[in-house]
Amino acid sequence: MQSASAPAASPSPSEGDPGTPAFSPLYRQIKDLILQSLQAGEWKPGESIPSEMELAARFRVS
């Protein structure tokens, strides 16, 4: 008679299972989008980035 084996433990989110998208809080997603815009040259050196209200409207957050 074979004993039942325990189910394999699923990897924790910190282990980075490639099949499961990692949860990222909205503020981090927005930070990443702003950094991408900076790296893409959307704003030139010395130029002001949009105000908090403009960014809130752009990303549809409050």
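The structure holds one salt bridge (a side-chain nitrogen of Lys or Arg within 4 Å of a carboxyl oxygen of Asp or Glu). The salt bridge joins Glu-42 to Arg-58, with the closest N and O atoms 2.9 Å apart. Glu-42 lies in the loop between α1 and α2 (52–59), and Arg-58 lies in helix α2, so the pair ties together parts that are 16 residues apart in sequence. The model is predicted: local features need pLDDT of at least 70 and side-chain atom pairs count only at pLDDT 80 or more, while totals for chains, interfaces and linings use all residues. Residues are numbered from 1 along each chain as its sequence is written, and side-chain values use heavy atoms, with hydrogens and water left out.

Buried means under 20% relative accessible area, exposed means over 50%, and partly exposed lies in between (1.4 Å probe, protein chains only). Glu-42 is partly exposed, at 37% relative accessibility. Arg-58 is also partly exposed, at 40%.

The protein has two helices and zero strands. Helices (H or I, at least four residues) and strands (E, at least two) are DSSP runs, numbered from the N terminus. Helix α1 covers residues 26–39. Its 14 residues should span 20 Å at 1.5 Å a residue, and the end C-alpha atoms are 20 Å apart, which agrees. The expected span is 1.5 Å times one less than the number of residues. Just after α1, Gly-41 takes a positive phi of about 85°.

Ile-30, Ile-34 and Ser-37 are buried in α1. Seen down the helix axis, the buried residues of α1 fall within an arc of 60°, so they line one face; the arc is that of the directions from the axis to the C-beta atoms. These buried residues pack against α2. Ser-37 has a relative accessible area of 8%. Beyond its neighbours within four places in sequence, Ser-37 is in contact (heavy atoms within 4.5 Å) with Glu-42, Trp-43 and Arg-58.

Leu-35 is partly exposed, at 38% relative accessibility. Leu-35, Leu-38 and Ile-49 make a nonpolar surface patch of about 240 Å². Patches are made of residues with over 30% relative accessible area and no salt bridge; like charges are joined within 9 Å, and nonpolar side chains (Val, Leu, Ile, Met, Phe, Trp, Tyr) within 5 Å.

Buried residues make up 11% of the 62 residues in the protein. The protein exposes about 5,800 Å², with 57% supplied by carbon and sulfur atoms. Accessible areas come from the Shrake-Rupley method with a 1.4 Å probe; for residues, only the protein chains shown count as cover.
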